[in-house]
Amino acid sequence: MPDAALPPADLDLRLVRCFVVLAEQRHFGRAAEVLHLTQSSLSRQLDRLEQQVGARLLDRGPRGSRLTEAGETFLPLAHEVLHSTAVAAARVRAVAEPSRITVGFTASNIIITPAVRELRHRYPDAEVSTRHVHWSETHSALREHRVDVVVTRLPFPTDGLLVAVLYDEPRVLLVPSDHRLVGKESITLDDIADEPMPLGADPIWNAFWRVDPRPDGRPAPGGPPITAVEDKIELVAGGQAVAIIPADPGLLGMTCVRPGLTTIPLEGVEPSHVVVATRADDRSRLVAAFRRFAQTHITRPGE
């Protein structure tokens, strides 16, 4: 009598999460950075998941990764599994640990400290922790309950979230200090109509930070691909591109970020918005309190 077929192995949620990030980034290098793994480790994780589900989920190539038909089918199910598991764990923690909150932030120059200190002062028995979140993970970090609140910059997907603007930042152009536009009091998009600009993987990011398309409907000029802010700075420093960034009032119009770079005010574009975001259905008293303190204490540097 032939052996009965073995039941499929239980899915490892860590592997499922690796797949979801890979599917979103479509690039092993970018996904590995988000997950804080090496590319070889991430590749092994995917191999293990494919063995568990019994199907190939991604086709890998030199220019990135593409979901297979099985991968396209598995992706929404993977999102559901991670979300359901996170919600279940969060609800249990809410009962067992009613005084616990994790505050996320995506950039070191967005100062959350005053609001965090106020929360700890008002709720001395609460467990208040902070956690850096990669800018591309703002939405998923909240929806998967890895953090309870995030202070970050728009744009990012906001479905299922409650978002409040804390302050605005003018946008400026980052250029090498010997760039042809240095010395102008301000510029417009017409002045940089043909200047190459770094190209990220996220279309929402590209639309805002490259102003793509431009107001007249033309696409923004192409540019070198990037996976991190450091990539953008290096490209600008090397004279390969210019970049639109949020203004730092302490550095505006001066050498900034590192020697050899400067900024020029950019007119005629919407400012950058620093926001506090939480899950729309979160009824935690600590989350509500942090939102209030963020709106009171997190202000634009220099104000």
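**Note on helix packing, backbone exceptions and a cavity**

1. In H1, the residues Leu 15, Val 16, Cys 18, Phe 19 and Leu 22 meet Leu 42, Gln 45, Leu 46, Arg 48, Leu 49 and Gln 52 of H3, where contact means heavy atoms within 4.5 Å. This contact of H1 with H3 divides into eight nonpolar, two polar and one charged residue. The classes are defined as follows: Ala, Val, Leu, Ile, Met, Phe, Trp, Tyr, Cys and Pro are nonpolar, Asp, Glu, Lys and Arg are charged, and the others, Gly among them, are polar. Helices (H or I, at least four residues) and strands (E, at least two) are DSSP runs, numbered from the N terminus.

2. The model is predicted: local features need pLDDT of at least 70, side-chain atom pairs count only at pLDDT 80 or more, and totals for chains, interfaces and linings use all residues. Residues are numbered from 1 along each chain as its sequence is written, and side-chain values use heavy atoms, with hydrogens and water left out.

3. The axes of H1 and H3 lie 9 Å apart, and the two helices pack at an angle of about 115°. Axes are lines fitted to C-alpha atoms, for helices over the stretch in contact, and angles run from 0 to 180 degrees between N-to-C directions. H1 and H3 are therefore roughly perpendicular to each other; by definition, angles under 35 degrees are roughly parallel, over 145 roughly antiparallel, 65 to 115 roughly perpendicular, and the rest oblique. The crossing of H1 past H3 is left-handed. A crossing is left-handed if the near helix is turned anticlockwise from the far one by less than a right angle, and right-handed if clockwise.

4. H3 (residues 39-53) also packs against H2 (residues 28-35), with axes that come within 9 Å and cross at roughly 95°. H2 and H3 are therefore roughly perpendicular to each other. From H2, the contact takes Phe 28, Gly 29, Ala 31, Ala 32 and Leu 35, and from H3 it takes Gln 39, Leu 42, Ser 43 and Leu 46. Six of these residues are nonpolar, three are polar and none is charged.

5. In the loop between H1 (13-25) and H2 lies Arg 26. Although Arg 26 is not a glycine, its phi is positive, at about 55°.

6. A further pair is H5 (residues 113-122) and H9 (residues 285-297), whose axes are 8 Å apart at an angle of about 135°. That angle makes H5 oblique to H9. Their crossing is right-handed. H5 contributes Pro 114, Ala 115, Val 116, Glu 118, Leu 119 and Arg 122, while H9 contributes Leu 286, Ala 289, Phe 290, Phe 293, Ala 294 and His 297. The contact of H5 with H9 holds nine nonpolar, one polar and two charged residues.

7. The bond from Leu 154 to Pro 155 is cis, with omega near 10°, and Pro 155 sits in the loop between strands E5 (149-153) and E6 (161-169). The bond from Asp 212 to Pro 213 is cis as well, with omega near 5°; Pro 213 belongs to the loop between H7 and H8 (229-237).

8. One cavity of 30 Å³ or more is found in a search of the whole structure. On a 1 Å grid over the protein atoms alone, a cavity is a set of points where a 1.4 Å probe fits but cannot get out, and lining residues have an atom within 4 Å of a point. The largest cavity holds about 30 Å³ of space, a volume being the space filled by probe spheres set on the points, which are joined across faces, edges and corners. Its lining consists of Met 197, Pro 198, Trp 205, Trp 209, Arg 210, Lys 232, Ala 243 and Ile 244. Helix H7 (203-209) and strand E8 (243-246) each supply at least two lining residues. By class, the lining has six nonpolar, no polar and two charged residues.

Terms used: 1 Å grid on protein atoms, 1.4 Å probe; cavity = no way out; pocket = protein on both sides within 12 Å on 5 of 7 lines; lining within 4 Å.
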